[in-house]
Number of protein chains: 4
Amino acid sequence: MKHHQNALTPPLGWNSWDCYGATVTEAEVKANADYMAKHLKQFGWEYIVVDIQWYEPDAVSSVYHPFVPLDMDTFSRLMPATNRFPSAREGKGFKPLADYVHSLGLKFGIHIMRGIPRQAVHQNQSIKGSNQTARAIAHTNSICPWNTDMYGVDSSKEGAQSYYNSLFDLYAEWGVDFVKVDDIADSKLYGAHIEEIKMIRRAIDQCGRLMVLSLSPGPAQLDHAAVLEENANMWRMTDDFWDLWPPLYDMFDRCYRWSKNVGPGHWPDADMLPLGRIGIRSVDGGASDRYTRFTKDEQRTMMTLWSVFRSPLMIGGELRDNDDFTLELLTNKDLLAINQHGSAARQVYRHNDHVVWCTNGHDDSVYVALFNLTDNVGTVTVTSEQLGLPIDKFNCVEDVWTHDILPQGNYELTASLRPHACQLLKLKQSRGV
Amino acid sequence: MKHHQNALTPPLGWNSWDCYGATVTEAEVKANADYMAKHLKQFGWEYIVVDIQWYEPDAVSSVYHPFVPLDMDTFSRLMPATNRFPSAREGKGFKPLADYVHSLGLKFGIHIMRGIPRQAVHQNQSIKGSNQTARAIAHTNSICPWNTDMYGVDSSKEGAQSYYNSLFDLYAEWGVDFVKVDDIADSKLYGAHIEEIKMIRRAIDQCGRLMVLSLSPGPAQLDHAAVLEENANMWRMTDDFWDLWPPLYDMFDRCYRWSKNVGPGHWPDADMLPLGRIGIRSVDGGASDRYTRFTKDEQRTMMTLWSVFRSPLMIGGELRDNDDFTLELLTNKDLLAINQHGSAARQVYRHNDHVVWCTNGHDDSVYVALFNLTDNVGTVTVTSEQLGLPIDKFNCVEDVWTHDILPQGNYELTASLRPHACQLLKLKQSRGV
Amino acid sequence: MKHHQNALTPPLGWNSWDCYGATVTEAEVKANADYMAKHLKQFGWEYIVVDIQWYEPDAVSSVYHPFVPLDMDTFSRLMPATNRFPSAREGKGFKPLADYVHSLGLKFGIHIMRGIPRQAVHQNQSIKGSNQTARAIAHTNSICPWNTDMYGVDSSKEGAQSYYNSLFDLYAEWGVDFVKVDDIADSKLYGAHIEEIKMIRRAIDQCGRLMVLSLSPGPAQLDHAAVLEENANMWRMTDDFWDLWPPLYDMFDRCYRWSKNVGPGHWPDADMLPLGRIGIRSVDGGASDRYTRFTKDEQRTMMTLWSVFRSPLMIGGELRDNDDFTLELLTNKDLLAINQHGSAARQVYRHNDHVVWCTNGHDDSVYVALFNLTDNVGTVTVTSEQLGLPIDKFNCVEDVWTHDILPQGNYELTASLRPHACQLLKLKQSRGV
Amino acid sequence: MKHHQNALTPPLGWNSWDCYGATVTEAEVKANADYMAKHLKQFGWEYIVVDIQWYEPDAVSSVYHPFVPLDMDTFSRLMPATNRFPSAREGKGFKPLADYVHSLGLKFGIHIMRGIPRQAVHQNQSIKGSNQTARAIAHTNSICPWNTDMYGVDSSKEGAQSYYNSLFDLYAEWGVDFVKVDDIADSKLYGAHIEEIKMIRRAIDQCGRLMVLSLSPGPAQLDHAAVLEENANMWRMTDDFWDLWPPLYDMFDRCYRWSKNVGPGHWPDADMLPLGRIGIRSVDGGASDRYTRFTKDEQRTMMTLWSVFRSPLMIGGELRDNDDFTLELLTNKDLLAINQHGSAARQVYRHNDHVVWCTNGHDDSVYVALFNLTDNVGTVTVTSEQLGLPIDKFNCVEDVWTHDILPQGNYELTASLRPHACQLLKLKQSRGV
């Protein structure tokens, strides 16, 4: 099965990075999975993803310990730190945890760093399925600029593909459904690592299990759009996203530029949603334990943009600490409907930081999002002509957030908006009328 | 009507640049139009485009005379040089010539340079519909690096939009159907001139006539794909293309990278086809009067790539000098069918300069193009798995160039190919069998 | 005579730009010359320089009128606007004004823009000494990004050198001693225009009169240091300098990097001194009519750095409005001594924005400048070892600004300094003691 | 003593890289030292330098073994591989070999890579003089792009300076006189590593022994000229130089641009002289065991440029295999005189790849070098005016290579030169005549 037959709609899930940095434990993962099964699964959420450095026993934060020993098997493959993931003992890896997640009707994902552990290279460890060793396949000029765990793998070397195959064979045995590969879609030292992306694609294709392939960090380059789509299911449009207005503001332009590249099985990724309680054991993004720094208007603006554009949605917050507002944000049926099943999404116009997007719903409805990206109250308007739609043919205009039915003109939609706020309108033809 | 409702299929036509540089005359344009009406129109060819500097009375080549006087009306608008276009006398402009082309059932296009004539600026001429003058709207830092006719127009100045409106109003009066705007999609000094692209879009939208908007030169940047699509019908993926192997070789990667951006009303443009007799009064591209320097294999390779990818097709050669081979190239029904009506075109793989593309025909057929871009004879193969298609369900495989029915395996297609050659295969299900 | 035998010490003078922008008049030039002759000449000041657009009759500010007609002779050479320079009437050009300046015992300089007037090119004017015309020698891709007066001249064209020769022949007739050529040492569009620099060098060498050649704007690139020194007497290390701390702060690094390239006849230029009353008819630098925005400490810091480094010194203020403090700054004998006759100037160290420079005086003295570039009060110290000098061999340490004799240790010099302040110490051996 | 009081003239020596790559042995070093003492010392040659990877027991070529174990002491300091340097046994390091070289009246140098061994970091070894460990001071984003031995050292970390101090303390104990530090003056990943250069400067200054500090590879940037001079004695103007015409051709421009930065104690470095027999166990530079690929004309051209410019001279060939021509090249008294004691060297002009340089001898002589860099025979001429010298005041013009006295005109020097050839003329005033 081709990878584009997987992830036919944008993946929806939870990821441990925003709240736990490099430190999440099995208990925390399970607890968030339990919450998802109970509160979110019925809305379509399904992935539970363990982010970076699950193989580092002493991780305490989002700040990495340079050059420290990592848990690894004899084939140069990193293994879960059993002090953090007790069920991984006796070489079981993530299989027990994946089984648990699957038992809840959810899917299980992990994060990995591109490459082979430096400790395997300097100790010259074996590679499964090859008589080459770690030293022979490590790329002599390929490091991650921000983490010292790995060396890149040189695709021209014998044994290189075997190594990646052995990795994904292991993950298939564990029951992994989703792999987020990091230090690969962009690097401040080297740009994107295209050859390693291709090796990973081949490794997944041969492993016998469907896995969503997600590439980080960003910004990926549009010039690589074709090769990214050819090899991955999702890739980051941006560097790590946090709960600050400037990167949210910037995302509008990123979404505009990438909107031609959205489609079944291939999703440009606006990154995690830093909603609810985050930073619990992370200081990335310039802050620590907190409720999201976004205002409520900004949170709605983010959710609306991510949904209309059809970005994957990965919740960053500790789910158990969600308040009602956060949970509502994550369970709005209209938003999830256009995220999962919208079509022909497009920016209608952008003028003086008033922005309008539009998408077709999966029924005959049309959704129009009016955004005020300025720092002042403003009135955002869009006409039938701009939309290419006869507004007067729709006899019902609903505010998706409040469910109010709004009176609107025959030829234009308009909203008075607070700074950074948006209104998402659903245009319906109430047939019985 | 939105511009994406125009040019719903890739424009097909003839352009004077490759054979006549900056010098084409009315008689030559008419003669090529006559030829098209007689020999090509029935295959879908329709545009006759007068390329650069029709306003330069003394043009003799593809080399521009710097700073010379140009024919211009009192509103800073360039007018056809009447020594070259006699029907333009008495201020008639291109209307008589456009009428002639229309009378043949064809469409008429012109080339313009972005901006306002420098002579209008230094003489401080008027602008129609504005009390501002040329001096007031000219951009103080905006020239073309390779031609001295114009200054850019500063969109922030009052009167700037009026100037562009007045230009396209005039072209609408003339009956222009296609405008190729140059020095705008890329500039070695300034990059793309996005604000002028937007002014031109608005000017066309207000002029009351449908015109295809084509942007030059290239390479346009993928980062601008969204804004180009939002404003234009076609834009160049490449700098000027000529009859040499290296740029043809490069086009494969360009097409691969841009293939996500092809669609009704918006066409990444691989540039003119330097086929037949070219260079008659041009020395651009490093040669003068000649038959195309491409081998026959290379010509077929070019036509196949342009067709599968769905580039606009603009013939560069003097049509009256076409030989049989050239005319056949331009009238192959299968090629034109996939160019006009193919769907889901994609590069299937590229490995060691063996390249395979695939596209769906408009019936149930599938077309597979096998290319050998190496300098050696080679066998190019593609499997059902690579294609994502069960080859054995098709019971007829036809060579589109020779119309031979080829024996093929059940699970792969294969071709032994000369250097730079290709084979285009049509896979059909002969229902009666 | 080789040009390095000219400007054997850094040129000292006044320039009209900082106070009058593009608008200075003959009366103002004369008045400043009178002031210089009376108050500054005895300290070594000698150049009076008329800055940009003396050929623009309607100049009102530092903001240029784009594309307007300029005063020009029949040989494409710009001429002083006679409404602003009445003595230039009847084609006399700047000769009468130069004569006046010379009569005061001073020297006369002008500013020119690289290239040939665009109006000459579009009118196709003659060139003296060549049968080529302006149109033939203008570079087809060479403009100034911030002024529309000129096109560059293409050194590969016949007549190009003749044009520049005719320019400098005219300036020699006028009695010009100093020429500041602009848009040449750096351009945001094209980098440095090396070939035009060489043409100007040759034009001066053939004109029969010594002229200091000063190149603008900056920042010139160190990679061009050799070619700049080979052709010019001074060149800008920086873009236009104004009375703001950040560019003054940056100048320390520029001086550090360029300090190897300072020497008789060739002077890296830190740009004009925005001291006293400036901005009278200029809004460049973000402000208008004012006394310098520098604090007194910053003014002393600037004068000390420029002097130790041996930059040319060009006063930017209206001399007649000098207050006592400004005049003292400009007439400090020690500063002028090290500027004119110092040797082996060097940055001794820079640490946490405490900076020490050192230079030998022309007698046996040594000057040490202690700078506090931080925003806090701080104590700056330098040791004998750092200086490579036995401090205890000097039995007299004088504060150059206050003339106080300071007690100092045997092995280090130290100063408590306000933010942005400096102390310049003169170390002497009082022999009679 | 300041480092600029060391290397008052350009260092002259031999380096093992060009002939032995990473593999030179003690016996070979001694044999070359013996040769130098016997044949070259009397001409001023004095340094014997052991190049890269003397700590790699299994080095076989110029190609490095990635990630292999290196000989190292318990303080993270690399030690000579005792299989290659037997006298280094029992922890004696290079002391015995240095003693031997000193006993011949010569000086001893070594090559090191910037940074700390990766194996020390991954094993978390100690650092002498600090309670920090290798892991604590390694820079987390700092590798060499072409060799896997080291990580960079992070100057902001406690213990970083201690590590470098301990290195140079050890080298001082050994009796090292010259250290070539690699991967530091330029890096394709990071540019120059300025902070590590400064740490090394401080480490040498505190170690109690004079050592010439040489920085590699290049090209160093002119923008760093001041900081390089402030910290080092020599630094490379170029990437590795080999016996091919294009890099020799390029060196003329490099020397032109760097000529202002030559002076006592600080020498821009044109890199080793690939003369005589080279490539014995090296395949760097695209060839293996050979006599230099330079023609005799090119060899003279190289020696002349290096000498006039005053580059350090490091012989790359196996000295024992020198033929007469090579030995003559290395012992020409005039060349060595201008290299060691010339002054005011400058490029007089460059026109169409005819190049003239000039330098003053240490007596009243002047040397003029005429170079023909074209691929055709040509006549190169220089006039008194161009030289700024009255040629007719010199009554004797000698060809430095042939010692012929040449008839020359009163006002110009001229030479007919083969392609890539040069003539070096000595102009003398024979007083008695």
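# Briefing on a predicted four-chain model

In chain A, strand 18 (residues 366-372) and strand 22 (residues 422-428) run antiparallel to each other and are paired over six bridges, where strands count as paired if DSSP finds at least two bridges between them. Helices (H or I, at least four residues) and strands (E, at least two) are DSSP runs, numbered from the N terminus. This is a predicted model, in which local features need pLDDT of at least 70 and side-chain atom pairs count only at pLDDT 80 or more, while totals for chains, interfaces and linings use all residues. Residues are numbered from 1 along each chain as its sequence is written, and chains are lettered from A and ligands numbered from 1 in the order in which they are written.

**Chain A as a whole**

- Chain A contains 13 helices and 22 strands. Its radius of gyration is 22 Å, close to the 22 Å that the globule rule gives for 433 residues, so chain A is as compact as a globular protein of that length; the radius is taken over C-alpha atoms, and the rule is 2.2 Å times the number of residues to the power 0.38.
- Taken along the principal axes, the box filled by the C-alpha atoms of chain A is roughly 70 × 40 × 40 Å.
- Of the 433 residues in chain A, 54% are buried, a term for residues with 20 or more other C-beta atoms within 10 Å of their own, whereas 12 or fewer make a residue exposed and values in between make it partly exposed, with C-beta atoms placed from the backbone.

- Tyr367(A) stands opposite Lys426(A), a residue of strand 22 of chain A.
- Asp353(A), in the loop between strand 16 and strand 17 (354-360) of chain A, has a phi near 65°, which is positive although the residue is not glycine. Asp353(A) counts as partly exposed because it has 15 C-beta neighbours inside 10 Å.

**Nonpolar core**

- The largest nonpolar core has 545 residues, and those with the most contacts inside it are Val368(A), Val368(B), Val368(C) and Val368(D); such a core is a set of buried Ala, Val, Leu, Ile, Met, Phe, Trp, Tyr and Cys residues joined through C-beta atoms within 7 Å.
- Leaving aside residues up to four places away in sequence, Val368(C) touches residues including Val356(C), Cys358(C) and Leu427(C), contact being defined by C-beta atoms, placed from the backbone, that lie within 7 Å.

**Where chain C meets chain D**

- In this interface, 12 residues of chain C are in contact with 12 residues of chain D. On the chain C side, the elements that give two or more residues are helix 8 (225-231) and helix 9 (245-258) of chain C, and helix 8 of chain C gives the most, with three residues.

**Backbone details in loops**

- The peptide bond from Gly218(B) to Pro219(B) is cis, with omega near 0°, and Pro219(B) is placed in the loop between strand 10 (212-215) and helix 8 (225-231) of chain B.
- In chain D, the bond from Ser216(D) to Pro217(D) is cis, with omega near -20°.
- His403(C), in the loop between strand 20 (396-399) and strand 21 (412-417) of chain C, has a positive phi near 65° and counts as exposed because it has 10 C-beta neighbours inside 10 Å.

Technical notes
Contact = placed C-beta atoms within 7 Å.
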